[in-house]
Amino acid sequence: MQSYDIVIVGGGMVGLTAALAICKQTPLKVAIIDNMPLNPIGDAPHLRVSAINDASKQLFTNLGVWDAITSVRSQAYTNMHVWDKDGFGHLDFDLSDLPNSANNDDCLGTIIENDVIRNALYQAVEQHDNITLIKQTLTSIGTGESEVFLSFSEHTPIIAKLVIGADGANSWVRKQLDMAMTFRDYDHHAVVASVDCSQGHQKTAWQVFLDTGPLAFLPLYQQNTCSIVWSLPPAEAMRVKALSAEDFNKEITAASDGKLGQVSLQSERVSFPLTMRIAREFVKDRVILIGDAAHTIHPLAGQGVNLGLVDASALAQTIVSTLNDGKELNDNKLLGHFSRWRKSDATEMIAAMESIKQGFSLQQVLPKFIRGIGMSVLNNISPLKQLLIKQAMGQTTNLPELSKVKDPLL
Ligand SMILES: Cc1cc2nc3c(=O)[nH]c(=O)nc-3n(C[C@H](O)[C@H](O)[C@H](O)COP(=O)(O)OP(=O)(O)OC[C@H]3O[C@@H](n4cnc5c(N)ncnc54)[C@H](O)[C@@H]3O)c2cc1C
């Protein structure tokens, strides 16, 4: 039977990052289990992208993978334009809204295809002596007094002192361990696709709030190409997906008020049901949940993976403290602290998404002109804008060390 200090179930962006963060700071032996092959990076942009904030960028830099990621392709954005369809409210952010303009790279964030990130992390993991990749399907997991036992359909069983569940929204680990979860359907499906925009993206992340939900245009590495995330009630999402390309182009150009010029579809359209989920506890026995396995949020503020990457970094920091204090890896006090810390951040983020979504939803009671006044007032109050931008960039006080910007703005 093979034995590891830590086994990570799930080699997505969060699981791979957790492995690198742990092994950068400790001599622990780590295995990652995932049988999902890497998607090769072709010429066309992949449909799933993430807005990577400053804290995540700093984490990737500290792990030595940021240059490998951005050397493939990425797009930094310097502006954000958010507006209310058919109203006059809008919010604009640019570099001058950063306190002291102290951001390292003079950008508000970077749009990167998920597969570009996953490929770069995977390569770094493959080169690490203390990390083993197991491309097999798990069949069972059981927790004992001092170890966790994992078995496979075609691999000898393994044991570990700790198991990290980083296996995404429908976490197998979470279900096997009967870890209770609170969830609520957002009643939105996100339609994603790549589009060309005749006026170019202007290194700007655009988001319009329609009566049906938000529509975001995220700038990609080609100056005319954006990745869209269009959140709609399920029936509307099905309708928009089924439109002919010509009708889709007309509808999305009108929905975006022509601000990016004529919009034209360049890819298939894929949709994802959106559900808020949060595990009641992030730790049970010797098993810890991180990333989407622990929480999923509405993508309207592009924070899901950023939150998961902080989990990865925070867990590595917790493990380092445990070892420095000469304690067992499953020390209740330290893991309890980790669980409360990460649950509180995730709960805060879920509440923030809820307020934004409710604030713009059909059911909301304020008429458009009042919303417009609210947004315009906010747009003109510098400290409030700075607070919003700092939160979006992940520059909060309680970040783990590996995710901290070198030159914090606080
Ligand atoms: C439309 C949309 C847009 C988004 N945009 C943004 C954005 O702009 N910014 C942002 O920060 N976030 C965004 N998110 C959220 C972000 O995509 C997720 O938070 C992120 O992908 C979660 O990463 P993860 O590694 O936790 O999980 P996943 O990416 O789901 O990875 C889980 C991994 O576990 C593996 N796995 C699953 N089951 C098993 C098993 N039984 N055994 C072994 N391995 C297993 C899978 O193969 C996979 O590799 C968006 C989400 C959606 C739906």
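Thr275 is buried, with a relative accessible area of 17%. The cut-off for buried is under 20%, so Thr275 falls on the buried side. Keep in mind that this is a predicted model. Where does Thr275 sit? Its place is in strand 17, residues 270–279. Leave aside residues up to four places away in sequence, and Thr275 touches Phe183, Arg184, Asp185, Tyr186 and Thr296.

Now the chain as a whole. It has 410 residues, and 54% of them are buried. The secondary structure comes to 11 helices and 20 strands. Take the contacts between residues at least 6 apart in sequence: 74% of those join residues at least 24 apart.

Glu113 belongs to strand 7, which covers residues 109–113. What does Glu113 touch, beyond residues up to four places away in sequence? The list is Ala44, Pro45, His46, Arg48, Val49, Arg73 and Tyr221. Look at Val49 in that list. Glu113 in strand 7 is also the bridge partner of Val49.

Strands 3 and 7 pair over four bridges, in the antiparallel sense.

The crossing of helix 1 past helix 4 is left-handed. Which residues make the contact? From helix 1, we have Met13, Leu16, Thr17 and Leu20. From helix 4, we have Asn114, Ile117, Arg118, Leu121, Tyr122, Ala124 and Val125. By class, that contact has eight nonpolar residues, two polar and one charged.

On to another helix pair. Helix 2 is residues 54–62, and helix 8 is residues 304–324. Their axes come within 9 Å and cross at roughly 45 degrees. That angle makes helix 2 oblique to helix 8. The crossing of helix 2 past helix 8 is left-handed. In the contact, Ser56, Leu59 and Phe60 of helix 2 meet Asn306, Leu309 and Ser313 of helix 8. The classes are three nonpolar, three polar and no charged residues.

Back to strands, with strands 5 and 6. Strand 5, residues 79–84, pairs with strand 6 in the antiparallel sense, over four bridges. Which face of strand 6 is covered, and which is uncovered? Strand 6 is residues 90–93; Leu91 and Phe93 make up its covered face, and His90 and Asp92 its uncovered one. His90 in strand 6 is the bridge partner of Trp83.

Last, two loop residues with backbone angles to check. Most residues other than glycine have a negative phi. Lys203 is not a glycine, yet its phi is positive, about 50 degrees. Lys203 lies in the loop between strand 12, residues 181–197, and strand 13, residues 204–210. Is Lys203 buried, partly exposed or exposed? Lys203 is partly exposed, with a relative accessible area of 44%.

The other residue is Asp285. Asp285 also has a positive phi of about 50 degrees, and is not a glycine. Find Asp285 in the loop between strand 18, residues 283–284, and strand 19, residues 287–289.

Key:
Residues are numbered from 1 along each chain as its sequence is written. This is a predicted model: local features need pLDDT of at least 70, side-chain atom pairs count only at pLDDT 80 or more; totals for chains, interfaces and linings use all residues. Side-chain values use heavy atoms; hydrogens and water are left out. Contact means heavy atoms within 4.5 Å. Two strands pair if DSSP finds at least two bridges between them. Axes are lines fitted to C-alpha atoms, for helices over the stretch in contact, and angles run from 0 to 180 degrees between N-to-C directions. Angles under 35 degrees count as roughly parallel, over 145 as roughly antiparallel, 65 to 115 as roughly perpendicular and the rest as oblique. A crossing is left-handed if the near helix is turned anticlockwise from the far one by less than a right angle, and right-handed if clockwise. Ala, Val, Leu, Ile, Met, Phe, Trp, Tyr, Cys and Pro count as nonpolar, Asp, Glu, Lys and Arg as charged, and the others, Gly among them, as polar. Buried means under 20% relative accessible area, exposed over 50%, partly exposed in between (1.4 Å probe, protein chains only).
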